[in-house]
Amino acid sequence: MDKYTILLVDDEEEVIQAIMKKINWQTLGFSVIGYACNGVKAFEMVEEFQPDVIMTDIRMPYMDGLELSNRIKAEYPAAKILFFTGFDEFEYAKEAVHLEVEEYVLKPINSAELTDVFTKLKSKLDQEISEKRNVEILQKYYMESLPLLQADFYAALIEGRVPKEEIPGYLLDYQLDFPGPYFSCLVIHTSSSQVPEQINPMLLSTSVHKQAEEHLKEKWKAKCFSYLGNTILITQLKSKSEISELTDDCDRFCKYARRMIGAVVTIGIGQACADMMELPQSYGSAREAVSYRGIYGVCKAINLEEIAPQKSVRRNGLEDELSALFKKIRLGSEEEVREAAGQYLEHTSFPQKSLEQYYIDMMELISAFYRFAVNNDITMDEFSGDIRRLYSRLLDMEPDALREWLIDKCLAFRKTIISDRNSSTKSFVQRAQEYVHNNYENEELSLDCVCELLGVSNSYFSTIFKKETGSSFISYLTDYRMDRASCLLIETNEKSYMIAKKVGYTDPNYFSYVFKRRFGVSPSKYRTEHSERES
């Protein structure tokens, strides 16, 4: 196990520096990733670095230690929290027993006492991780998988093998509850090539299965089972709009699995459906979403409807060879598309078939391309005009000419899909930026607001926004507000507290703190310096 990470939080920097110098953190098995001088900054660092331990003062500006601890426990329950505080605050801190704080340390800090606290804390952390990685416990988890009859029923559901009229009988016989009213399949893929040393990949996958049950099953009333080497969850939603919240929960689980048990996990989110008979389509779209990990990366949740907004995610019912070809069009390189097109022509073995079968193959090929174009909003003259004329032309082609035509069309489709995907992500990033420009004065403006407006999950939006702009959404919002504030300081005579309110800050002290962090000087000094330059 790598060294455990710790974040120090106190509004007195000299206190933090003293703690850092008094303790031999490396020997204790800890690494200080940084420090913050208030709760707001501390929570930003917790979101970014997800430290194992947060050691915080109680009385601080902008957000005190109790509020900070409440927020951390709500969103990062695995994190350990220690309070270090003055004697007069000790009883006040002890009242917060519901926070499950690990320890209360009185100021002034005693190095021997603090060393003892962190020695015990490391043992506790070691034990927790050891329990999650212990081979015997992993084997026990494996033996406690869902009963065989239930797992078979779930597999039959996503394969589309259960007649609709027989579903109520199965639910009654197997004591299953499926109130819905909406459903979504999740495919949880655990990498078998990236595993911690001395751990069997099968046991690691079983551990992920167990952790997924603990983190996602209760909230989403999920049915969990193993299928084709992956963990599958059939989740239940109150409305289709909950799919964004589900995506964010899954994204947090991927990061948790990497940190706690060393597993590289990717989760595909299937389309929401209102009928259990549509679960095969939801499962199919979830599997396809997982395949996008080569583009969007691992250790995250991928929602296909977010990747290709306003695109249909239903399966086309093609033969295996055509399905493989269209998958390469969506995800592969130019060379992979050329190879898949060649393999399709070889697998169909046109020259070895009867003339009648050759005609049927040509019709199926054109029909498949037509459906692919329609489902992906691709407009091409050949598929929007007289299909019979195209069919006649293909029948007259020599094998080499047919191969060239097929490759050209596949590459054209690929180019259009890539262009649509890029313009789609840029479009909602631009919409988010425009929304900031028009609403930056609203103190309630947040990442959640923008994602709700756009109809996407926080995790997907944050990934795309940073990729397109080079900064996080919160950093972009803060920088834009500070730029507007700097202009108002130079161009108007308004007081700082009025300008703070105009750019979305109700607390003028916090506004000054953020402004100084951006420009290196206070708002008043910034105005003075620029006034002197102009004069």
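# A guided look at a predicted chain

Guide: Welcome! In this predicted model, pLDDT stays under 50 over residues 309–318, for which there are 22 contacts beyond four places in sequence.

Visitor: What is the mean pLDDT of the protein chain?

Guide: The mean is 84, and 85% of the residues reach 70 or more.

Visitor: What is the protein chain built from?

Guide: It has 26 helices and ten strands. Of its 535 residues, 48% count as buried. The accessible surface comes to about 27500 Å², with 47% of that belonging to carbon and sulfur atoms.

Visitor: Why does L176 count as buried?

Guide: Buried means under 20% relative accessible area. L176 has 13% relative accessibility, so L176 counts as buried.

Visitor: Where is L176 found, and which residues is L176 in contact with?

Guide: L176 is found in the loop between α9 (167–173) and β6 (182–190). Leaving aside neighbours within four places in sequence, L176 is in contact with Q150, F153, Y154 and L171. The C-alpha atoms of L176 and Q150 are separated by 8.3 Å, although these residues are 26 apart along the chain.

Visitor: How do you know what helix α12 should span?

Guide: The expected span is 1.5 Å times one less than the number of residues. Helix α12 (residues 279–290) has twelve residues, so it should span 16 Å; its end C-alpha atoms are 17 Å apart, which agrees.

Visitor: What makes α12 "mostly covered"?

Guide: The cut-off for buried is again under 20% relative accessible area, and nine of the twelve residues of α12 are buried. Among them are L279, P280, Y283 and V290.

Visitor: Which strands does α12 lie across?

Guide: Helix α12 lies across β6, β7, β8, β9 and β10, running at about 35° to β6. These strands form an open sheet in the order β7-β8-β6-β9-β10, with mixed pairing.

Visitor: What makes β7 and β10 edge strands?

Guide: Strands β7 (223–227) and β10 (301–303) each pair on one side only. Neighbouring strands of this sheet are turned by 25° against each other on average, direction ignored.

Visitor: How do you know that β9 and β10 pair?

Guide: Two strands pair if there are at least two bridges between them. Three bridges join β9 (residues 265–269) to β10, and the two run parallel.

Key:
Residues are numbered from 1 along each chain as its sequence is written. This is a predicted model: local features need pLDDT of at least 70, side-chain atom pairs count only at pLDDT 80 or more; totals for chains, interfaces and linings use all residues. Side-chain values use heavy atoms; hydrogens and water are left out. Helices (H or I, at least four residues) and strands (E, at least two) are DSSP runs, numbered from the N terminus. Buried means under 20% relative accessible area, exposed over 50%, partly exposed in between (1.4 Å probe, protein chains only). Contact means heavy atoms within 4.5 Å. Accessible areas come from the Shrake-Rupley method with a 1.4 Å probe; for residues, only the protein chains shown count as cover. pLDDT is the predictor's confidence in each residue, from 0 to 100. Axes are lines fitted to C-alpha atoms, for helices over the stretch in contact, and angles run from 0 to 180 degrees between N-to-C directions.
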